Amino acid sequence: LHQAIEAKERVKVERESKTLATITFQNYFRLYQKLAGMTGTAMTEEAEFKAIYGLDVIEIPTNLPMIRKDHSDLVFRTERGKLNAVINQIVECHQKGQPVLVGTVSIEKSEQISAILKKQGIPHTVLNAKHHEKEANIVASAGRKGAVTIATNMAGRGTDIRLGGNPEHMAKQQLAKEGVPDELLYEASSLTATDNEEILNARRRYKELYAEYKKQTDAEKEEVIAAGGLFIVGTERHESRRIDNQLRGRSGRQGDPGESRFFISLEDDLMRLFGSERISDMMENLGVDENTPIDAKMLTNAIESAQKRLESRNFQTRKHVLEYDDVMNLQRKIIYEQRSSVLTGSDISEDMQKILRSYIENTVAGIYGDSQTPDAMQVDMLKEKFMSLGIPEAGLSPILQNPENFTMEDATQTLLAAAEERYAAQEAAFGAEQMRELERVALLRAVDSRWMDHIDAMHELRQGIGLRAYGQTDPVQAYKKEGFDMFEEMIASIHEATVRFLLTARLQNQNTMVRKAVATPTSTNVSDEDTPKKPVVRKSTKIGRNEPCPCGSGKKYKKCCGFNETISS
């Protein structure tokens, strides 16, 4: 898709990107030796923590008793009726000085309510994660007398809403107005020892302002408590009870009083998922208008039951994804362990011998098939395959001359001996130290390139494997089986590429080899036009294809060294 857009816009079409590695969040977290966490809303997900991570969830009681009043949900027939009720509740609280925090599910809904409040002349602030730097200050002021704050469910989490206001934030805001820079604002409330006069002056001013605002907020807090504390207005139920609990939990902290209520319409997404049409028809037949709510505990319980079903469905979806990734996870461990042993610089010569043996055994078995001895075509296949690896014809001559005497096992032993002889010759030519480095380079290159292709292939398999269910086949089991077969093919391909590289490599110079990454960046931030082009300089005289070969053999260059260089390249 990216390349298609580049072509449409007539810009340079970059190479297709390749996935180097992939892992789900669950398997990533499982890589840690120790897992722990703390949250105020984990109890609703207790089963998932236990099933996926083997973690127990322990509920710690609150510091002070929670005295917030959680009212039953009010259900309206239409979205318009719900919004009218929300506005009426906000106006009622504002008039008696009770602060209100309105939670919405989207930025659009928060701006819609804001527009209605502007027409009503109700002062308010909107918090929708568009202004990150102002979030803390807006939330810190949400507990002041008569304050109305509209926020999305994701905005402002983790900041305490103190009834009457937050004197620390108010003092810092005043310092900022007086021209104190940001770095000094942080130091103003810090307890770090210092002899910097600027910081000390900022701290003195901060303490003066804090004491002044503390008196003001303490007096205001008593008025807010008398009005009922912070009132939470939820304009819609979320799919997850955790999000609703987080919204409710902004009120009634540290033993403060508070109230919460959710306003729901039968046109909300959650209600439409669970047969709200029947309830809507019943309300219409009974003559219930759009501004008349249903206030029933039974209905609230039904909504929570719907949320539980949705959470269970979402959990099963995540669990299903994890079952597929567990297949890749086993393969990932094998590949990464092999890469790690190579990258740490350990001696892998013994592993190379095993790879050589495995490759020859599998190759001979693949050519022989069910035959006891090879026929003429199979002999030609053996000759072509092993001579392309650099094994001289002399090493194959026993099989080529008397194929009828060679069973599969005999042929394997003969070809293995010839390959080991070739391997020893390569090591003698390169030297033991450089041969060990060559082994690491060869294996890394083969593993990295094949693993990237394997990730793409497994992704393609995953896209369509769900259709196997129509054939009464478990898609996960089919994915495991075919994924294993593809992994076996990838391992065989890695072995072949490694063996071929080691047996056919030619010594060009005595410089130590440098490992290079197989996956190079597909693009950079620097354009081709910004980078000056260097002219290509030929370091040696070009030899014509029909000229005599400089090695002194008397043959034409294209029939002698030129031919060998072409094969090598």
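1. The model is predicted: local features need pLDDT of at least 70, side-chain atom pairs count only at pLDDT 80 or more, and totals for chains, interfaces and linings use all residues. Residues are numbered from 1 along each chain as its sequence is written, and side-chain values use heavy atoms, with hydrogens and water left out.

2. The chain has 20 helices and 7 strands (DSSP runs, H or I of at least four residues for helices, E of at least two for strands, numbered from the N terminus). Of its 569 residues, 38% are buried (under 20% relative accessible area, 1.4 Å probe, protein chains only).

3. Helix α14 (residues 349–368) and helix α15 (residues 376–387) have axes that come within 10 Å and cross at roughly 150° (lines fitted to C-alpha atoms over the stretch in contact, with angles from 0 to 180 degrees between N-to-C directions). The two are therefore roughly antiparallel (angles over 145 degrees).

4. Contact here means heavy atoms within 4.5 Å. Y359, I360, T363, V364, I367 and Y368 in α14 meet Q378, M381, L382, K385 and F386 in α15. These residues divide into 8 nonpolar, 2 polar and 1 charged (Ala, Val, Leu, Ile, Met, Phe, Trp, Tyr, Cys and Pro are nonpolar; Asp, Glu, Lys and Arg are charged; the others, Gly among them, are polar).

5. For helix α18 (residues 432–464) and helix α19 (residues 475–504), the axes come within 9 Å and cross at roughly 155°. That makes α18 roughly antiparallel to α19. Their contact has 18 nonpolar, 4 polar and 5 charged residues.

Conventions:
Parallel < 35°, antiparallel > 145°, perpendicular 65-115°, else oblique. Buried < 20%, exposed > 50% of the residue type's maximum accessible area, 1.4 Å probe, protein only.
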